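Me: Could you take a close look at one helix-to-helix contact in this model, and then follow its residues outward to the charged pairs?

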Amino acid sequence: MTTTVTTDPGTDRSSRGTSRGSGGARRGMPRIPDRIRRGGLPYLLLLPAVLLELLIHLIPMIVGIVMSFRQLTQFFISNWGAAPWTGLENYEIAVDFDAPIGEALLHSFFVTCVFTFFAVGLAWLFGVTAAIMLQESFRGRGFLRALFLVPYALPVYAAVITWAFMFQRDNGLVNHVLHDQLGITDQPSFWLIGDNSIYALIVVSVWKGWPFAFLMLMAALQNIPRELYEAAAIDGAGVRQQIRRITMPSLRPVNQVLVLVLFLWTFNDFNTPYVLFGKAAPADADLISIHIYQSSFVTWNFGTGSAMSVLLLLFLLVVTAVYLFLTSRGRKGSHA
């Protein structure tokens with residue numbers, strides 16, 4: 001038995017036209033998820049990072065700037081908004097270098113500059129030397145690369161606490177080697193107090209920071225074509241000339257960024273001196289980060305401490321801007 005189904009041709013054509021028309025309309029207008037995917041998805045992925053940046057950096061920075069214009073002491077801890085508005089008085093106190101507070105801040109600033117100069121310079125020197133030496137393939141190179149990165153992989157507090165034990169006067173490893181075994185010093189030295197404290201701080205900072213320079217420069221050396229060294233060797237260039245004429249100019253862009261990053265990290269370093277010396281750092285190792293901490297949380301003068309922090313921020317911004325201007329100008333000159 002056969003069943004025949006009949007349809008109206010007009011109805012069929014109209015339904016097909018409607019279907020094609022609706023499909024064309026859907027194809028002509030992008031769907032809302034497609035719009036979000038194309039335009040809004042990148043911003044949506046950046047939203048967590050932006051929120052964390054606001055909560056961790058920007059909002060506390062704005063609060064600190066507001067605090068620097070108030071006489072915020074221990075008497076207003078429970079109600080910061082009730083602290084008297086002092087305007088630029090905290091800044092005037094901080095930069096009055098004839099007064100004890102300003103004089104101590106200026107001394108701390110000079111100590112930090114000296115510390116940063118030697119710490120960054122030695123960290124970069126050790127990093128570039130190790131990266132160049134480990135560029136050639138030899139047995140044990142992978143082990144040495146992993147060994148050199150151990151200080152960078154260790155937690156800061158564990159590493160600095162270990163160095164604090166090593167710098168102990170009576171039972172520390174440093175005095176045991178220098179005095180007991182090598183006989184370089186007449187008597188065991190005090191490394192965590194007095195004049196030697198700055199040397200101990202530089203040693204720990206360099207030991208902790210040079211593996212980062214080594215890692216960055218080692219990665220940059222991978223991009224230098226080997227053909228340049230082969231051509232230079234054929235032309236009679238020695239190892240020193242190859243390093244001077246090929247390696248160092250090729251590393252210039254990476255060095256410019258690396259030195260700036262090391263400078264900012266070292267100048268702002270708080271963990272190393274705090275763990276090594278405690279709340280009261282010696283005068284010869286009184287970095288500005290520790291000095292601001294003492295001015296804020298030891299003397300309970302948060303207004304003056306905030307003003308010092310803002311001055312430090314302005315100084316770092318000016319140095320960074322000048323450095324970027326000079327380096328970009330140097331790159332344009334070299335290309336010209």
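Reply: Happy to. In this predicted model, Val156, Ala159, Val160 and Trp163 are the residues of α7 that meet α9, where their partners are Val203, Val204, Trp207 and Lys208. Helix α7 covers residues 156-166 and helix α9 residues 197-221; their axes lie 11 Å apart and the two pack at an angle of about 140°. Since angles over 145 degrees would count as roughly antiparallel, α7 is oblique to α9. Their crossing is right-handed.

Besides its place in the α7 contact, Lys208 forms a salt bridge with Asp269, with 4.0 Å between the closest N and O atoms. That pair links distant parts of the chain, as Lys208 sits in helix α9 and Asp269 in the loop between α12 (252-267) and α13 (271-277), 61 residues apart. Lys208 and Asp269 are both buried.

Arg226 and Glu136 pair through their side chains at 2.8 Å, N to O. Arg226 belongs to helix α10 (residues 226-234) and Glu136 to the loop between α4 (100-133) and α5 (141-148), so this bridge ties together parts 90 residues apart in sequence. Arg226 is partly exposed at 35% relative accessible area, and Glu136 is partly exposed at 46%. Asp170 and Arg169 also meet in a salt bridge, at 3.0 Å from N to O. There, Asp170 is exposed, with a relative accessible area of 69%, while Arg169 counts as partly exposed at 25%.

Notes: Residues are numbered from 1 along each chain as its sequence is written. This is a predicted model: local features need pLDDT of at least 70, side-chain atom pairs count only at pLDDT 80 or more; totals for chains, interfaces and linings use all residues. Side-chain values use heavy atoms; hydrogens and water are left out. Axes are lines fitted to C-alpha atoms, for helices over the stretch in contact, and angles run from 0 to 180 degrees between N-to-C directions. Helices (H or I, at least four residues) and strands (E, at least two) are DSSP runs, numbered from the N terminus. Angles under 35 degrees count as roughly parallel, over 145 as roughly antiparallel, 65 to 115 as roughly perpendicular and the rest as oblique. A crossing is left-handed if the near helix is turned anticlockwise from the far one by less than a right angle, and right-handed if clockwise. Contact means heavy atoms within 4.5 Å. Buried means under 20% relative accessible area, exposed over 50%, partly exposed in between (1.4 Å probe, protein chains only).
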